[in-house]
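Dear colleague,

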Amino acid sequence: MEKEKLIFHIDVNSAFLSWSAVKRLQEDPDATDLRTIPSAVGGDRETRHGIITAKSIPAKKYGVTTGEPVVKALQKCPNLVLIKPDFETYHSFSCSFISILHQYAPVVEQVSIDEAFLDMTGTEQLYAHLVTSGHPFPICLAEKIKGEIRDTLGFTVNVGISVNKLLAKMASDFTKPDKVHTLFPEEIAEKMWPLDIGELYGCGKATAQRLRGLGVRTIGDAAHMKEETLQAVLGEKGGEYIYRSANGISDSLVEEAAEEAKGYSNETTTSQDITAD
């Protein structure tokens, strides 16, 4: 019988903003940590052009969102500190981040500059020494990886743990920053089904809107619909994807990337609707 998979999804919290903040502190230890104030990466305050590519948690509290125009962000938060992108720094921190992951995982799939999947299947005995009453396996291992990244590189990550990539990805998007979350099949009803349908990974805005037209408000609503009904509205592939995903089903394997991920996106959802025909 095949051993059940154990998959981690590790995502850097506000990657571009965090990496810029760490570099700034390395150059001047007395500098204000950008992560503690309303700040964002992108655009130019003087010209008020460009878009926000990453923002701090304090900026998020003002309603500043990734992808919105700088002029709109400044209207929401006039004191917003804007910093320019620094892709050389981002690349350097990303390489260090992925290097640490390779020290722990047999298989690492880097999917963007700031996130990766780890296949940790069969590593329980290897990391048995980490187990404590407070942090049983695999949470203890996730805490170890998360802590090493924070302590050696200076920025935080979220770790999602489950039996497949979909659920691990969903888990890592729960409460941030610097958190470990599980989303095992037996936890789906409690942790995933109450979420808005738009939070289902791969369910884009257009699909979510069409589903709401059917009365589907939550992921659980979609999970309890007949697959044929979803296919009638979204097409065969789209309906199948939403039904399977809402029920936590995914067959996608963690695979080493053939070449280095070159994307600089800081989004946590896909730019296009996965379920679109």
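Predicted model: local features only at pLDDT ≥ 70, side-chain atom pairs only at ≥ 80, totals over all residues.

Residues are numbered from 1 along each chain as its sequence is written, and side-chain values use heavy atoms, with hydrogens and water left out.

The structure contains 15 salt bridges (a side-chain nitrogen of Lys or Arg within 4 Å of a carboxyl oxygen of Asp or Glu). One of them joins Asp 119 to Lys 5, at 3.5 Å from N to O. This pair links distant parts of the chain, 114 residues apart: Asp 119 belongs to strand β6 (residues 115-119), and Lys 5 to the segment before β1 (7-12). Strands (E, at least two residues) and helices (H or I, at least four) are DSSP runs, numbered from the N terminus. Asp 119 is buried, at 10% relative accessible area, whereas Lys 5 is partly exposed, at 30%. Here buried means under 20% relative accessible area, exposed over 50%, and partly exposed in between (1.4 Å probe, protein chains only).

A salt bridge also connects Asp 178 with Lys 146 (3.1 Å, N to O). Asp 178 lies in the loop between α6 (165-172) and β8 (180-182), and Lys 146 in helix α5 (residues 139-153), 32 residues apart. Lys 146 is buried at 5%; Asp 178 is partly exposed at 22%.

With kind regards
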